[in-house]
Amino acid sequence: MSFLVPLGACAAILAAAACGGAFAAAALIPPGSMLRPERWGWGFVLGAALIAIQAAVAIAPGYAPGWLPALIAFAIAAALAMRFRLRDIGSDIAPERAGSAGLSGFFLFLLASGVLLYLLRALTEPMWSNDYIAIWGLKGKTIFYARRLPGHILPSSLYGFSHPEYPLGLPLLFAGAASLLRRWDDHALALLFPFFQVATLGVLFGWLRRRGLPWPIPLAAAAVLSQLESLYSGFLTGMAEVPLSCLMLLFGTAYSDCLDETDSGAGRRLATASLLATATKNEGLFLAIAGAVGAVAGRRPGRWRAAALCALPALAMGGLTRVLSKGAPLRDIDPAFLGSRVSELPLRLTEALRVAFAEGIAPAWPVLLCLAAFFVAGRPTLFADRLLGLAAASLLVYVAIPALAVREPAWLVQTTLPRTAVALSPLVAAGLAGRLKGRETENGKRETKN
Amino acid sequence: MTTKWVATLTLALLLLARNRPAELGARLRTLAAYAPRELALRRLGGSSTAFDRRFFIFLEAARRQLPKGVTGVALILSRPNESAHYLAAYQMAPLPVALSRGPLPPGWIAAVYGAERPSGWKILAEVPGGALMAPAPSPG
């Protein structure tokens, strides 16, 4: 079968899922045109989550996932959205337009080309990276054909390489989307990833606009992020980093909104993002815990509620993942380095930092110099600095974790750090751009100055 | 122009420059050439099979000729390697795959890549690049 037929079908399914998800997002995002880009970004993510959920719910009693379970899932989500829809308008003030037309045109071109270039990279061939073949795609294909979870089909004695301990969100999404396509097409399914890119860019643009930045800055932030080839690459297409990077941005923005009490949906968004990020990759759990710790340390009103909304959904999903994986241990990590072999830890940590600097930081100095310039050009802005704090805490964990690696620390730094770190880019983009303009009043509401 | 716009433009150009025109052209040509073909041929032309494209042809042919009722596949390679193991696990999913020459569990068969034909095994089907085999029933 020609590629265009399943590709068109997949595009139609994902667009329909985004529409259904945008309707369901009424329970998370208040009405108002200012929130439209975020509503569509969240809409696609919720639509994708519903596709994964219908697959999980259908296979639990042994049924096949497909159109009927999906329609039921979307209908239930729509009914819940109608029942719990938010009616208040967010308290943020829409900034006036500013900036030169030439610059805006350039960034629009950059944004469009970034999306098209990633589409080209993602669709040039079926998903191919080693981790897609050995982990994410393998599990998705197994769920789709066997209608059972991988832990029940693939013996852990033979399939340790597939990391049975990883969350199943992405494999369930693959299986659910394939069930709507009615075939396993690992080329057409790659389209999921450019959709996640567009959702990320929409939320980034929309959140910065809502937080009071004049529109050339959010546009520039989205345009620059769209061009980040190290995240939006053919290699990462099929792996969890692109969806996770989107969910991390959703988490970070909801986290900051929740602490500032910008609108009545912020808490719901935070809990949803915490749940979905943890269902996608273990790094989502780190982020949720970092958020909970940061919220408590921040000493703002409502910090305990925010901490609970960060931590409880993540811990619940982490627990569910443990149950589904039958308690499979973390394959790459040796806990003995925190116990009987703890004396080796300082040396291993030094080695991890050395390799991270030599192979991650030093070669990227021009880009890091630009990021430093952004940081210096901005000013302390609490709503944005929180996102940078989350990114910094996550990065610290990513750099330190290889010290616990089963093999030498350099191996884990080289194989995982570049892609786990680059998934923090949307958070960093939102944080740095947010610092470029904005001032907050004492009660945490936005005040705009043009 | 302020620092933020200089940094923005520099960063944008740095990232844009990572797109090599030659690579983009090759991707466009690949997409156009492979789009009309069936999925297996598109995967054959892709990077996941680049380590040994004949191995993928063997795998896909073996998958299509698996007898009904098979519950697992033992992969026999002259030079076992991770790439081949992972690709075989993916292609054969949801059937479990093991790199093994030992006794097979009930319902399993062997996919033998290359010219080797283990003695004491019967050939179920010859496929391009190898054969599907199963232990011969013991006499008597």
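This is a predicted model: local features need pLDDT of at least 70, side-chain atom pairs count only at pLDDT 80 or more; totals for chains, interfaces and linings use all residues.
Residues are numbered from 1 along each chain as its sequence is written, and chains are lettered from A and ligands numbered from 1 in the order in which they are written. Local features need pLDDT of at least 70 and side-chain atom pairs count only at pLDDT 80 or more, while totals for chains, interfaces and linings use all residues; side-chain values use heavy atoms, with hydrogens and water left out.

**Exercise 1. The interface**

Describe the contact between chain B and chain A by its residues, its buried area and its polar pairs.

*Solution.* Step 1: contact means heavy atoms within 4.5 Å. On this basis, 53 residues of chain A and 42 residues of chain B take part.

Step 1: buried area is the accessible area (1.4 Å probe) that two parts lose on being put together, summed over both. For chain B and chain A it is about 4,300 Å², and carbon and sulfur atoms give 73% of it. On the chain B side, the most area is lost to chain A by Arg27(B), Tyr86(B) and Tyr90(B), which together make up 16% of what that side buries.

Step 2: a polar contact is a pair of N or O atoms within 3.5 Å; within protein, one must be able to donate a hydrogen and the other to accept it, and residues adjacent in sequence count only if both atoms are side-chain atoms. Between chain B and chain A, 14 residue pairs are in polar contact, both residues being at pLDDT 80 or more.

Step 3: helices (H or I, at least four residues) and strands (E, at least two) are DSSP runs, numbered from the N terminus. The elements giving two or more residues to the side of chain B that touches chain A are H1 (3-16), H2 (21-34), H3 (39-44), H5 (82-92) and strand S2 (97-99) of chain B. H1(B) supplies the largest share, 12 residues.

Step 4: Ala, Val, Leu, Ile, Met, Phe, Trp, Tyr, Cys and Pro count as nonpolar, Asp, Glu, Lys and Arg as charged, and the others, Gly among them, as polar. The side of chain B that touches chain A then divides into 25 nonpolar, 10 polar and 7 charged residues.

**Exercise 2. Salt bridges**

How many salt bridges does the structure hold over all chains, and how many cross the interface of chain B and chain A?

*Solution.* Step 1: a salt bridge is a side-chain nitrogen of Lys or Arg within 4 Å of a carboxyl oxygen of Asp or Glu. Over all chains, the structure holds 26 salt bridges. Arg43(B) lies in helix H3 of chain B and Asp186(A) in the loop between helix H7 (169-181) and H8 of chain A, so this pair joins two chains.

Step 1: across the interface of chain B and chain A, the rule finds 2 salt bridges. In the bridge of Arg43(B) with Asp186(A), the closest N and O atoms are 2.9 Å apart.

Step 2: buried means under 20% relative accessible area, exposed over 50%, and partly exposed in between (1.4 Å probe, protein chains only). Arg43(B) and Asp186(A) are both buried. By contrast, Glu344(A), in a salt bridge with Arg341(A) at 2.9 Å from N to O, is partly exposed at 30%, and Arg341(A) is partly exposed at 34%.

Step 3: a network of salt bridges links Glu38(A), Arg210(A), Arg211(A), Asp257(A), Asp260(A), Asp263(A), Arg269(A), Arg300(A) and Arg386(A).

**Exercise 3. A strand of chain B**

Step 1: two strands pair if DSSP finds at least two bridges between them. S1(B) runs parallel to S3(B) (residues 108-113), joined by 5 bridges, with Val112(B) as the bridge partner of Ile76(B). S1(B) also runs parallel to S2(B), joined by 3 bridges, and Val97(B) in S2(B) stands opposite Val73(B).

**Exercise 4. A residue in a helix**

Is Thr200(A) buried or exposed, and which residues does Thr200(A) touch?

*Solution.* Step 1: Thr200(A) is placed in helix H8 (residues 192-210) of chain A.

Step 1: Thr200(A) counts as buried because its relative accessibility is 1%.

Step 2: its side chain reaches the backbone oxygen of Phe196(A) at 2.7 Å. Not counting residues up to four places away in sequence, Thr200(A) touches Leu225(A), Tyr232(A), Cys246(A), Leu249(A) and Pro426(A).
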